[in-house]
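Hello,

Here is the structure I promised to pass on to you. My notes follow below it.

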2 protein chains.
Amino acid sequence: MSQNSDMTTARSGRVTIRTVAEHSGVSVAAVSKVLRNAYGVSAALRAKVEASIAVLNYRPNAAARGMRGQTYTIGVLMADIKNPFFPELIDGIDDGLEGTQYVPLFGIGRGSTSVETTIVHALIDRQVDGLIMIGQRLKSEVVQTIAREVPIVVIGHHEPEATTFDSANNDDERGGAMAAEYLLAQGFRHPAMVTLGRIDLGGSDVSQRREVGFTRAMRAAGFADNMIRIAQAADSLADVTATVSALLESPNPPDAIFGWADYYALEVLSAVRTLGLRVPEDIGVIGYDNSGPCAFTQNDLTSIDQSGREIGRQSVRLLLERIAGRTTAEHFIVAPVVSARGSTRRQA
Amino acid sequence: MSQNSDMTTARSGRVTIRTVAEHSGVSVAAVSKVLRNAYGVSAALRAKVEASIAVLNYRPNAAARGMRGQTYTIGVLMADIKNPFFPELIDGIDDGLEGTQYVPLFGIGRGSTSVETTIVHALIDRQVDGLIMIGQRLKSEVVQTIAREVPIVVIGHHEPEATTFDSANNDDERGGAMAAEYLLAQGFRHPAMVTLGRIDLGGSDVSQRREVGFTRAMRAAGFADNMIRIAQAADSLADVTATVSALLESPNPPDAIFGWADYYALEVLSAVRTLGLRVPEDIGVIGYDNSGPCAFTQNDLTSIDQSGREIGRQSVRLLLERIAGRTTAEHFIVAPVVSARGSTRRQA
DNA sequence: GTGAAAGCGCTAACAC
DNA sequence: GTGTTAGCGCTTTCAC
């Protein structure tokens with residue numbers, strides 16, 4: 001019907017690599033090489049092709065690229081979108097990806113391992129070139145299985161012996177110890193920790209590492225094991241409140257609480273104040289992550305900083321190296337630092 | 001070298017539609033029909049194929065599907081990952097997608113329109129079947145252009161006359177009016193609003209609608225235009241603090257502040273308290289969105305609830321209808337409701 | 001109701 | 001240095 005002379009673009013509205021090839025008078029393969037910065041194209045040809053790409057406003061179809069080569073897509077599994085620490089990691093991921101062709105696409109979990117598995121599969125089925133997993137709760141064997149399908153880097157999961165994937169973390173055991181040491185140095189005498197209660201993930205688990213560090217530091221300070229209080233709260237804010245209430249209404253209440261992550265420590269603050277207690281006069285509170293909300297005056301929350309942005313950057317470096325072919329493992333660790341604020345200030 | 005008799009799976013490790021076809025003794029086309037629930041397959045054939053899929057643990061390659069048909073992927077552009085209101089929308093999106101084959105994949109913006117455009121292109125190039133845009137700052141013409149390439153639904157962008165895309169929103173003008181009315185009813189006499197200062201997006205802009213409503217309600221209550229204070233703050237928390245300080249240190253300071261969104265109202269709370277003022281005794285504060293953090297005791301922030309989860313659900317319904325072929329526009333609007341808390345309580 | 005075969009937009013051998 | 005061409009794993013006519 002149509003008298004359109006340009007059959008290749010007439011077919012579908014979309015500009016394809018063919019359109020570009022015809023427009024610049026070269027072969028499809030030549031265009032492909034330019035796109036991939038592949039070896040063996042003259043400057044003249046490259047210039048011609050790039051001009052056509054600009055004129056035609058061509059963008060390669062990533063799905064089609066994925067059928068033979070790469071999609072230039074990095075999948076990111078984010079276990080939870082409400083955790084105020086994760087945005088910092090994402091800033092770091094953006095930093096690391098800057099200047100590359102790669103685009104990060106995110107899957108958002110909801111605290112369930114089956115949802116996390118579904119998302120990982122969805123990402124793999126969409127041919128991502130690599131995967132960063134943030135704070136996921138998958139068992140080590142599951143992570144291993146995934147690592148066989150696609151290069152991965154985990155954040156918030158310790159497995160220093162793993163060889164099939166990389167990780168980027170802070171030293172959570174040290175950080176847990178720092179929380180205890182800092183509270184004691186501020187004059188608190190009976191600090192307790194509120195941690196994550198759940199299925200055992202083994203030593204890879206961040207919250208458990210922090211517990212270990214906390215316990216170790218308390219022992220070193222002369223506390224007997226039965227004087228060290230670690231209260232478990234399931235992964236819901238309501239549960240944190242219940243746990244804090246139980247703790248504070250017990251016979252020998254703590255005078256400070258270490259919330260294992262800011263996300264929960266902010267709820268600890270809320271629970272403490274709901275009980276009519278003052279922070280820090282009646283109860284000191286310390287969190288972990290030093291995330292954005294800590295700085296709000298109404299929170300003014302002391303927290304252990306784990307340099308999230310740097311962790312995000314490193315995770316990208318590691319992943320791109322894996323994609324480029326590295327097969328040995330690398331496990332990046334950064335040292336935590338106390339970020340002191342009003343929630344632990346003792347004027348004694 | 002290998003004596004593997006099953007050549008089709010030997011080729012690459014991956015199980016493909018071919019593997020399934022051979023395993024179940026039917027054609028590739030038949031398997032495809034089962035996958036898509038297409039018309040014209042007998043129950044017996046379907047059963048055979050489904051059994052093979054289960055045994056082989058087959059998952060279709062979405063990138064390959066996208067070359068001819070759909071990818072069953074919904075792209076979601078989220079303008080900002082720190083906004084505490086968005087998680088609620090995402091819960092609604094998950095609700096709406098439940099039971100379908102569709103998977104949501106997220107692109108995360110950083111407050112810049114060029115980044116937003118890049119993400120939208122990245123999503124389209126990866127052949128998403130449809131796009132939901134949350135709180136994006138793109139101009140109307142840009143949105144129109146995108147709508148020509150892929151079905152879209154916008155959230156947080158009003159354009160009731162638009163015919164090429166759908167939207168899901170609350171009535172922001174009404175909500176802005178409610179904030180003013182509620183503050184006045186609580187006994188505040190000089191409420192001010194802190195809104196978003198930026199390039200004009202026209203009437204589609206949510207913050208502007210809330211301003212219009214706020215202004216209208218103030219006028220209706222007898223305030224002269226020069227008595228109605230609307231202060232602009234750029235899209236950064238530091239700027240909100242500066243704006244609040246300027247407002248409160250001016251000759252005739254307001255006795256209450258309406259922060260145009262919780263994300264900023266939480267910063268308003270912080271700024272007010274940094275100045276040594278009490279909430280609500282010295283200054284009342286009201287936000288918009290009724291997001292999670294409002295309920296924390298340390299925030300205890302009154303806010304206008306816009307039923308985010310419902311908006312998320314509706315956006316999916318609209319998008320799936322568009323994907324299914326609807327070409328007329330539908331613009332969903334839900335009524336806002338005041339969610340009262342301590343930050344506006346006047347004991348007078 | 002079922003299958004054969006063309007082709008989606010790319011990449012990567014391999015010729016030239 | 002450049003072009004030809006065979007697929008990647010699916011969907012979709014169109015025969016039978």
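Which strands of chain B does helix 12 lie across? Helix 12 (residues 262–274) of chain B lies across strand 6, strand 8, strand 9 and strand 10 of chain B, and runs at about 160° to strand 9 of chain B. Helices (H or I, at least four residues) and strands (E, at least two) are DSSP runs, numbered from the N terminus. Angles run from 0 to 180 degrees between N-to-C directions, with axes as lines fitted to C-alpha atoms, for helices over the stretch in contact.

A word on conventions: this is a predicted model, in which local features need pLDDT of at least 70 and side-chain atom pairs count only at pLDDT 80 or more, while totals for chains, interfaces and linings use all residues. Residues are numbered from 1 along each chain as its sequence is written, and chains are lettered from A and ligands numbered from 1 in the order in which they are written.

On confidence, chain A has a mean pLDDT (the predictor's confidence in each residue, from 0 to 100) of 92, and 95% of its residues reach 70 or more. Over residues 1–12 of chain A, however, the pLDDT is below 50, and this stretch has seven contacts in the model beyond near neighbours in sequence. A contact here means two residues whose C-beta atoms, placed from the backbone, lie within 7 Å.

Back to the sheet in chain B: it is open, with six strands in the order 7-6-8-9-10-12 and mixed pairing. Strands pair if DSSP finds at least two bridges between them. Strand 7 (229–233) and strand 12 (337–339) of chain B stand at the edges with a single partner strand each, so one side of each is left without a neighbour in the sheet. Four bridges join strand 9 (residues 284–289) of chain B to strand 10 (residues 302–305) of chain B, and the two run parallel. In this pairing B:Tyr288 stands opposite B:Ile304.

Chain A has an open six-stranded sheet too, with the order 7-6-8-9-10-12 and mixed pairing. There, strand 6 (residues 191–196) of chain A runs parallel to strand 8 (residues 256–259) of chain A, joined by four bridges.

Finally, have a look at helix 4 (residues 43–56) of chain B. B:Val49, B:Ser52 and B:Ile53 are buried in this helix (20 or more other C-beta atoms within 10 Å of the residue's own, all placed from the backbone).

Best wishes

Notes
The expected span of a helix is 1.5 Å times one less than its number of residues. A residue is buried if 20 or more other C-beta atoms lie within 10 Å of its own, exposed if 12 or fewer, and partly exposed in between; C-beta atoms are placed from the backbone.
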